[in-house]
Amino acid sequence: SEAIHNTDDTRVGRGVAPLLVVQPGKSGFFTLGTGLDAFVARLALAEATDRTLDVQYYLFHDDVTGRLLAGHLLRAADRGVRVRLLLDDMDMGGKDAGLATVSQHPNIEIRLFNPFPSRGMRLLNFLTHFGTVTRRMHNKSFTVDNQLAIVGGRNIGDEYFEAAAGVNFGDMDVLAVGPIVREVSAAFDVYWNSDLAVPVDALGATGESGLLERARTRLAADIEALPDSVYGRRLREAELTQRLIDRNVDFFWGPARLLYDLPEKVRTDPDDRSTHLGPELDDLLASVQTELILVSPYFVPGRDGTALLRSLVEQGRRVTVLTNSLAATDVPAVHAGYSRYRRSLIEAGVEIYEMRPANTTEEAGRRRLGESLASLHAKTIVFDRERVLVGAMNLDPRSSLLNSDMGILIESPKLASAIGDWRDQGLADIAWRVDLERVATPHSPAGEETRLVWISDEEGREIRRYDREPESGLWARFQATVLRLLPIERQL
């Protein structure tokens with residue numbers, strides 16, 4: 001099947017038409033910098049859709065936000081909306097029967113991307129098909145009536161929408177309108193119609209009609225209980241909720257294009273770049289004239305990436321990197337891979353910032369990208385304060401070589417400058433700046449040596465920490481040390 005294009009007469013189509021008249025040929029973008037705003041946007045769009053809803057995700061958890069969104073998708077289907085749900089199989093263990101049941105709905109079709117061959121013994125697949133099942137679809141998009149789309153770094157799960165009791169992720173999505181939405185729909189169709197996307201009812205599980213009605217009842221009860229819950233109150237107080245009520249959603253406007261890997265990437269030789277978005281990204285990085293800002297939770301530049309960033313600095317470009325500290329990361333192996341290149345980058349003049357961990361509180365719902373959240377998850381690149389790339393791809397070998405990814409390149413000096421100003425004015429409040437300083441060491445032949453130092457600005461005072469990987473536990477530091485020795489970089 002393919003995206004439905006005659007949707008100008010839908011509620012969403014009629015709503016965006018006046019905006020497109022004022023900005024002909026351009027696409028508009030509204031940044032979703034908090035988890036609450038990001039979830040409000042998805043629920044609101046699911047309720048507003050009239051004809052078609054295309055949903056593509058790497059992870060779709062069976063938790064509070066996952067069930068709430070699933071309930072809204074089912075409600076849309078009950079209204080007659082065609083729902084196409086494309087999920088990577090990584091998070092689908094044990095869910096075949098439930099998915100097959102939901103797919104019995106005449107308006108819902110569910111496909112799993114690159115499904116595990118053995119459905120009952122998933123762990124066995126990592127032994128028998130390691131080179132296959134470890135390569136995943138990391139794309140994330142949510143497209144309504146082919147008129148509005150959400151693209152960015154968030155999966156579907158409590159930790160992405162500030163609903164988790166433990167770790168929550170600071171992330172970035174954009175709500176897009178205009179010509180770029182047709183590009184997102186076209187990319188969805190490429191994946192949907194790939195032979196790697198298998199209908200869930202072709203995988204052996206059979207659904208039961210009675211279970212569909214029971215699922216509808218349970219999901220409806222979750223939706224009905226939401227307004228009276230603590231999380232429901234926080235959603236009502238979210239900034240986007242009020243903006244929607246006031247009809248005050250201001251977009252950044254400009255030309256845009258979608259960058260995405262082809263689905264065949266996950267089964268071709270990793271070094272065959274004919275299916276990769278990587279060459280386009282390399283050209284963008286090499287074309288930087290003044291400054292480059294890289295935000296990536298999982299940052300492993302490798303030798304080639306390190307050489308590229310060093311060469312940019314040597315040419316007089318300012319390069320800033322924000323990634324997770326060991327204390328904030330949820331994947332110590334990736335941090336171990338990154339730490340191999342950290343000193344070399346700093347020596348070259350690259351500015352390195354590492355996200356500080358913090359407790360997540362109710363107030364986190366009112367904060368912006370990366371502010372006082374437990375772990376960074378946003379993937380954003382700013383080129384020369386002129387262009388911004390927002391998407392799902394990390395700057396690591398796994399994203400570059402193994403998984404499929406996507407992102408929107410936005411030509412908007414206004415948006416790019418806003419992120420640049422945030423780097424200059426707010427980054428020191430939420431992240432350590434990592435640097436090298438000379439420290440006296442009586443036992444060294446030279447009497448001194450250079451050590452990494454983590455510098456933070458706390459209550460107007462500059463604090464220096466010389467301890468290795470500040471605020472990280474002994475076990476985390478031990479893991480990182482051991483993992484740094486293993487030849488696993490291409491899997492990170």
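## Asp62 and its surroundings

Asp62 touches Arg67 and Lys95, leaving aside residues up to four places away in sequence. This is a predicted model. Asp62 sits in the loop between strand S2 (52-57) and H3. Is Asp62 buried or exposed? Its relative accessibility is 56%, and the cut-off for exposed is over 50%. Asp62 therefore counts as exposed.

Asp62 and Glu162 are 100 residues apart in sequence. In space, their C-alpha atoms are 15 Å apart.

## Helix H8

Helix H8 covers residues 209-225, 17 residues in total. At 1.5 Å a residue, the helix should span 24 Å. The C-alpha atoms at its ends are 25 Å apart, which agrees.

Which residues of H8 are buried? They are Leu212, Ala215, Leu219 and Ile223. Why do they share one side of H8? They cover an arc of only 75° around the axis, so they fall on the same side of the helix. The spacing follows a general rule. An α-helix has 3.6 residues a turn, so residues three or four places apart point the same way.

The other side of H8 carries exposed residues: Arg214, Arg218 and Glu224. What do the buried residues of H8 pack against? Their partners are helix H3 (64-78) and helix H4 (96-102).

## Nonpolar cores

The largest nonpolar core has 55 residues. Leu32, Phe39, Leu53, Phe142 and Leu235 touch the most other members. Helix H2 (residues 35-48) gives the most to this core, with eight residues. In soluble globular proteins, nonpolar side chains tend to be buried together.

Phe39 has contacts with Thr65, Leu68, Leu69, Phe161, Tyr231 and Leu235, not counting residues up to four places away in sequence.

## Two residues with positive phi

Asp145 is not a glycine, yet its phi is positive, about 50°. The residue lies in the loop between strand S5 (141-144) and strand S6 (148-152). Asp145 has 0% relative accessibility, so it counts as buried.

Glu469 also has a positive phi, near 50°, in a residue other than glycine. Where is Glu469? Its place is the loop between strand S21 (461-465) and helix H16 (474-484). Relative accessibility is 8% for Glu469, and the residue therefore counts as buried.

## The chain as a whole

The protein chain has 16 helices and 21 strands. Its C-alpha trace spans about 75 × 55 × 45 Å along the principal axes. How does the radius of gyration compare with that of a compact globule? With 492 residues, a compact globule would come near 23 Å. The chain has 23 Å, which agrees.

Of the 492 residues, 56% count as buried. The accessible surface comes to about 20400 Å². Carbon and sulfur atoms account for 53% of that surface. What share of contacts with a separation of 6 or more joins residues 24 or more positions apart? The share is 78%.

Note on methods
Residues numbered from 1 in each chain as written. Predicted model: local features only at pLDDT ≥ 70, side-chain atom pairs only at ≥ 80, totals over all residues. Heavy atoms only, no water. Helix = DSSP H or I, 4+ residues; strand = E, 2+ residues; numbered from the N terminus. Expected span 1.5 Å × (residues − 1). Buried < 20%, exposed > 50% of the residue type's maximum accessible area, 1.4 Å probe, protein only. Arc of directions from axis to C-beta. Contact = heavy atoms within 4.5 Å. Rg over C-alpha atoms; globule rule 2.2 N^0.38 Å. Areas by Shrake-Rupley, 256 points an atom, 1.4 Å probe, with all protein chains shown as cover. Core = buried A, V, L, I, M, F, W, Y, C linked by side-chain atoms within 4.5 Å.
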